[in-house]
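Morning, everyone. I have one structure to walk through today. Please look at the screen while I talk.

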Amino acid sequence: MTATINYDTGVVTVKDFNGAVRTESLAAVVANAANELEKIPAEQRQELGL
């Protein structure tokens with residue numbers, strides 16, 4: 001998987017292992033990442049330094 005971030009436009013282009021390409025807003029990517037991190041138990045987040 002590769003991701004390219006265009007900071008000027010706020011668009012993230014993601015190419016997955018199957019070659020599929022999708023675009024998302026940078027704000028949506030950050031929000032999704034934050035939501036996923038919240039699902040990790042606190043002890044494990046601490047071990048990861050988050």
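How many bridges join β1 to β2, and do they run parallel or antiparallel? There are 5 bridges, and the two strands run antiparallel.

Some ground rules. This is a predicted model: local features need pLDDT of at least 70, side-chain atom pairs count only at pLDDT 80 or more, and totals for chains, interfaces and linings use all residues. Residues are numbered from 1 along each chain as its sequence is written, and side-chain values use heavy atoms, with hydrogens and water left out.

Helices (H or I, at least four residues) and strands (E, at least two) are DSSP runs, numbered from the N terminus. Two strands count as paired if DSSP finds at least two bridges between them. Strands of a sheet pair through backbone hydrogen bonds, either parallel or antiparallel.

Now the partners. T2 has K15 in β2 as its bridge partner. K15 also stands opposite V21 in β3. β2 (residues 11–15) and β3 (residues 21–25) run antiparallel, joined by 5 bridges.

Next, the turns. The hairpin of β1 and β2 has 4 residues between the strands, and G10 there takes a positive phi near 75 degrees. The hairpin of β2 and β3 has 5 residues between the strands. There, G19 has a positive phi near 90 degrees.

A28 sits in helix α1. C-alpha to C-alpha, A28 and I5 are 12 Å apart in space and 23 residues apart in sequence.

Is A28 buried, partly exposed or exposed? It counts as partly exposed, because its relative accessibility is 28%. The cut-offs: buried is under 20% relative accessible area, exposed is over 50%, and partly exposed is in between (1.4 Å probe, protein chains only).

On to charges. The structure holds 2 salt bridges. A salt bridge is a side-chain nitrogen of Lys or Arg within 4 Å of a carboxyl oxygen of Asp or Glu. E24 meets R22 at 3.0 Å, N to O. E24 is partly exposed at 23%, and R22 is partly exposed at 41%. E36 meets K39 at 3.1 Å, N to O. E36 is partly exposed at 47%, while K39 is exposed at 61%.

Last stop, the surface. L37, L48 and L50 form a nonpolar patch with about 290 Å² of accessible area together. Patch residues have over 30% relative accessible area and no salt bridge; like charges are joined within 9 Å, nonpolar side chains (Val, Leu, Ile, Met, Phe, Trp, Tyr) within 5 Å. Areas come from the Shrake-Rupley method with a 1.4 Å probe, and for residues only the protein chains shown count as cover. L50 lies in the segment after α2 (42–47). L50 counts as exposed because its relative accessibility is 58%.
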